[in-house]
Amino acid sequence: LSIVGFLVLDAGANFVLVNIISKFRRRQGNIKHTLVAGAGDTAVRISSYLNSNPDFGFQINGYLKCKNEECKVNEDAVVGNLKDLKEYLTLHSIDEIVIALPYTASKRKKIRNIINTAESHGARVSYVPDFHAVFGNDFRVVHDGLLDAVKIRQLPLDEIFPLVAKAVFDVV
């Protein structure tokens, strides 16, 4: 009985806390000022995702365009090129930099420079790999301990709910 009571109390506290944080963020409190390094398709997906989830508390302050990169975001939101990152971070308060560049041999050094510059200015860094360009839309990222894997060909029975439903149907 005490275990059930604890679970109910914990769930209730989580619900209240999440609602308080969500309301606070909707009123522009606890906002993470974010800069996106890249202006291509991945940057568009990041922007769409963050803008459709305001409770996460991310506000995109702008985009840094990579040399020879096709700009897919609003040109007015581009605040400079990757070479302008250090100057931008000196002039503006940025909490997080989201890297939206493909991981290629030519971009490896640029990505490393972004990370080093961000660390020297106290900004957190997230890297969003462009799995859609490589695998299309039919994939899933799986975390298993220290191993991250991309499962490419999904079958309906790979998910737990369809698997249980099929087992119940077979028994019935």
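This report describes the fold, the salt bridges, the aromatic contacts and the nonpolar surface of a predicted model.

## Overall fold

The chain contains 6 helices and 7 strands, and along the sequence these elements follow the pattern α-β-α-β-β-α-β-α-β-α-β-β-α. Of the 172 residues in the chain, 28% count as buried.

Strands S6 (residues 140-144) and S7 (residues 147-151) run antiparallel and are joined by 5 bridges, with Val141 standing opposite Val150 in S7. The hairpin that S6 and S7 form has 2 residues between the strands, and in this hairpin Gly145 takes a positive phi near 65°.

## Salt bridges

Side chains of opposite charge can pair when their charged atoms come close. The structure holds 3 salt bridges. In one of them the side chains of Lys72 and Asp41 meet at 3.0 Å, N to O, and this pair links distant parts of the chain, since Lys72 lies in the loop between strand S2 (58-65) and strand S3 (78-81) while Asp41 lies in helix H2 (residues 41-51), 31 residues apart. Lys72 is partly exposed at 39% relative accessibility, and Asp41 is likewise partly exposed, with a relative accessible area of 43%.

Helix H2 also carries Arg45, which forms a salt bridge with Asp130, the closest N and O atoms being 2.7 Å apart. Because Asp130 lies in the loop between strand S5 (124-127) and helix H5 (131-135) whereas Arg45 is in helix H2, the pair ties together parts that are 85 residues apart in sequence. Arg45 counts as partly exposed, its relative accessible area being 32%. A further salt bridge joins the side chains of Arg124 and Glu96 at 3.5 Å, N to O; this pair links distant parts of the chain, with Arg124 in strand S5 and Glu96 in strand S4 (residues 96-99), 28 residues apart. Arg124 is partly exposed at 45% relative accessibility, whereas Glu96 is buried, with a relative accessible area of 8%.

## Aromatic contacts

A pair of aromatic rings is described by the distance of the centres and the angle of the planes. With ring centres required to lie within 6.5 Å, the count comes to 4 aromatic pairs. Among them are the rings of Tyr49 and Phe56, whose centres are 5.6 Å apart and whose planes stand at 45°, so the pair is tilted. Tyr49 is partly exposed at 49% relative accessibility, and Phe56 is partly exposed at 33%.

The rings of Phe135 and Phe139 have their centres 6.1 Å apart and their planes at 55°, so this pair is tilted. Phe135 is partly exposed, with a relative accessible area of 29%, whereas Phe139 counts as buried because its relative accessibility is 18%, which is under the 20% limit for that class. Together with Phe131, Phe135 and Phe139 form one aromatic cluster. Elsewhere, a charged side chain is placed against a ring, as Lys32 lies over the face of Phe58 at 4.5 Å from the ring centre.

## Nonpolar surface patch

A nonpolar patch on the surface is formed by Ile160, Phe161, Leu163, Val164, Val168 and Val172, which together have about 670 Å² of accessible area. Val168, one of the residues in this patch, lies in helix H6 (residues 160-171) and is partly exposed, with a relative accessible area of 48%.

How values were computed. Residues numbered from 1 in each chain as written. Predicted model: local features only at pLDDT ≥ 70, side-chain atom pairs only at ≥ 80, totals over all residues. Heavy atoms only, no water. Patch = residues over 30% accessible without salt bridge, like charges linked within 9 Å, V, L, I, M, F, W, Y side chains within 5 Å. Areas by Shrake-Rupley, 256 points an atom, 1.4 Å probe, with all protein chains shown as cover. Salt bridge = Lys/Arg side-chain N within 4 Å of Asp/Glu carboxyl O. Helix = DSSP H or I, 4+ residues; strand = E, 2+ residues; numbered from the N terminus. Buried < 20%, exposed > 50% of the residue type's maximum accessible area, 1.4 Å probe, protein only. Pairing = 2+ DSSP bridges. Phe/Tyr/Trp six-rings, centres within 6.5 Å; stacked < 30°, edge-to-face > 60°. Lys NZ or Arg CZ within 6 Å of the ring centre and 35° of its normal.
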